[in-house]
Amino acid sequence: MTRGRAVVVGAGIGGLAAAAGLSSAGWDVKLFERATTLEPVGAALALAPNGLRALDAIGAGDRLRELAVPQELGIRRSSGRWLMRSSTGRMIADRFGDSIILLPRSAVIDALAARVPEGVLSLATEVVSVEPGGTAGQGGTAGQGGQTAVAHVVTSAGELDADLVVAADGIGSGTRAALFPGHPGLRYAGFTTWRLLTGPVAGRVPMAESWGRGTVFGVMPLSDGRVYCYAAAPAEPGASAGDELAELVRLFGTWHEPIPTLLAGARPRDVLRHDVAELAAPLPSFDKGRVALLGDAAHPMTPNLGQGACQALEDAAVISALAAGTDPDGVAAMLARYTADRQPRTAYVVRWSRRAATMTTWSAPPAVAFRDTLMWLLARFAPGATLRGIGTIYGWEPPAPTEAGQREA
Ligand SMILES: Cc1cc2nc3c(=O)[nH]c(=O)nc-3n(C[C@H](O)[C@H](O)[C@H](O)COP(=O)(O)OP(=O)(O)OC[C@H]3O[C@@H](n4cnc5c(N)ncnc54)[C@H](O)[C@@H]3O)c2cc1C
């Protein structure tokens with residue numbers, strides 16, 4: 001006996017987590033992914049304590065902790081001088097129970113896919129349209145006997161009705177555009193990013209993010225000796241260098257070690273480049289009718305805090321907990337609670353990520369000197385202050401399924 005029929009659009013981190021959580025909550029789930037495989041885009045992923053707690057709620061946390069390398073936080077100048085080193089990383093583990101960990105993206109996808117029951121996932125199946133259903137007041141139509149209209153989903157493989165639709169179709173979400181046609185959509189955040197895996201390299205590589213004038217280069221070791229590197233720099237939207245590894249060498253080849261050595265050991269085909277986009281305005285709601293937006297579809301953010309996937313996992317944990325106490329007639333009220341819970345929290349994280357992005361893209365020498373001095377002073381004299389700011393983000397706890405319905409925003 002199932003609670004109702006749920007459709008999840010998109011099998012990225014958010015969609016897989018939602019499909020796993022809703023299945024555990026007793027829903028009959030169909031998960032549609034337009035790609036032919038679950039191959040993730042992006043080499044590795046940092047997960048903060050809040051993301052790990054969300055994974056625990058979905059049952060995938062412990063498997064991933066076994067594979068992870070705890071990261072010690074560090075910020076350096078392009079010369080290599082440390083502005084902040086290590087102690088914050090240890091304090092995070094002491095205070096929140098987990099360090100920030102780094103994993104291959106494929107490991108996260110595999111662990112989540114293993115929690116999705118057989119027969120739920122359909123690959124190579126594009127969702128073409130979603131009719132949200134819902135109550136007459138929400139723009140849907142009341143059905144016979146006072147029941148609210150169900151949602152209707154058209155895919156490349158056929159059509160189906162659903163009591164609940166979770167749209168986890170990513171930053172370019174077609175569902176978001178269809179549900180909120182008046183919304184201005186995405187805008188370019190002003191910088192581009194690169195990601196690559198190099199190595200293995202000899203010796204210990206300390207985790208560090210190095211800041212230049214408007215540019216960033218991050219180095220994070222994986223458990224198998226390889227090193228995940230990410231970089232960011234202002235660029236014209238849509239620009240491409242052709243050979244992106246050569247572009248990285250041009251921008252970062254004279255920075256401190258091990259950056260030049262890591263770049264020398266990389267292959268051009270391993271370098272991914274993506275422009276960063278954000279919403280031009282927050283969405284009025286994360287739900288409409290029987291449809292919830294989740295992950296990047298609802299709240300894309302700049303990657304500076306490493307929270308995009310963590311927030312998608314939180315969304316999935318919350319909607320699964322709410323759905324555990326809901327039957328099809330209660331979906332509209334349940335989704336209103338989902339929006340009330342998730343909208344303020346993710347708006348806070350989006351704002352913090354934006355502030356971090358703004359600070360790292362400063363390029364005027366006085367602003368750069370001010371920023372670097374401030375970081376150095378904070379790390380030396382008030383290391384706890386950095387942690388207090390981020391505590392609201394890392395300290396998140398998932399709702400228990402039974403209390404989810406009563407949870408306050
Ligand atoms: C440079 C960079 C570094 C980052 N680093 C981190 C980090 O360290 N930690 C962190 O937490 N976050 C990080 N993020 C953010 C993180 O990658 C995203 O927030 C996260 O992957 C979003 O997951 P999602 O499931 O919402 O969307 P996606 O991963 O984009 O998944 C959407 C899925 O939907 C599918 N889809 C789309 N439309 C349809 C359709 N019509 N029908 C069927 N399927 C469809 C797509 O094929 C895709 O598989 C980073 C982002 C960037 C750009």
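**Local contacts, aromatic pairs and a helix packing**

Ser285 lies in the loop between β17 (272-279) and β18 (287-288), where strands (E, at least two residues) and helices (H or I, at least four) are DSSP runs numbered from the N terminus. The model is predicted, so local features need pLDDT of at least 70 and side-chain atom pairs count only at pLDDT 80 or more, while totals for chains, interfaces and linings use all residues. Residues are numbered from 1 along each chain as its sequence is written, and side-chain values use heavy atoms, with hydrogens and water left out.

Ser285 is buried, with a relative accessible area of 15%; buried means under 20%, exposed over 50% and partly exposed in between (1.4 Å probe, protein chains only). The side chains of Ser285 and Asp287 are joined by a polar contact of 3.0 Å. Such a contact is a pair of N or O atoms within 3.5 Å; within protein, one must be able to donate a hydrogen and the other to accept it, and residues adjacent in sequence count only if both atoms are side-chain atoms. Leaving aside residues up to four places away in sequence, Ser285 touches Phe180, Thr339 and Gln343, contact being heavy atoms within 4.5 Å. The C-alpha atoms of Ser285 and Leu335 are 9.9 Å apart, although 50 residues separate the two along the chain.

Helix α10 holds Thr360, which is buried at a relative accessible area of 6%. A polar contact of 3.4 Å links the side chains of Thr360 and Asn304. Beyond four places in sequence, the residues touched by Thr360 include Trp211, Val216 and Arg371.

Turning to aromatic rings, five pairs are found in the whole structure. Rings of Phe, Tyr and Trp (its six-membered ring) pair if their centres lie within 6.5 Å, with planes under 30 degrees apart counted as stacked, over 60 as edge-to-face and the rest as tilted. Tyr348 and Trp352 have ring centres 6.2 Å apart and planes at 45°, so this pair is tilted. Because they are four residues apart in helix α10 (residues 331-360), about one helical turn separates them. Tyr348 is partly exposed at 21%, as is Trp352 at 26%. Elsewhere, ring pairs link Phe217, Phe252 and Trp255 into a cluster.

Finally, helices α2 (residues 49-58) and α9 (residues 308-323) pack at about 35° with axes 8 Å apart; axes are lines fitted to C-alpha atoms over the stretch in contact, and angles run from 0 to 180 degrees between N-to-C directions. Among the residues that meet are Ala54 and Leu55 of α2 and Leu313 and Ala317 of α9.
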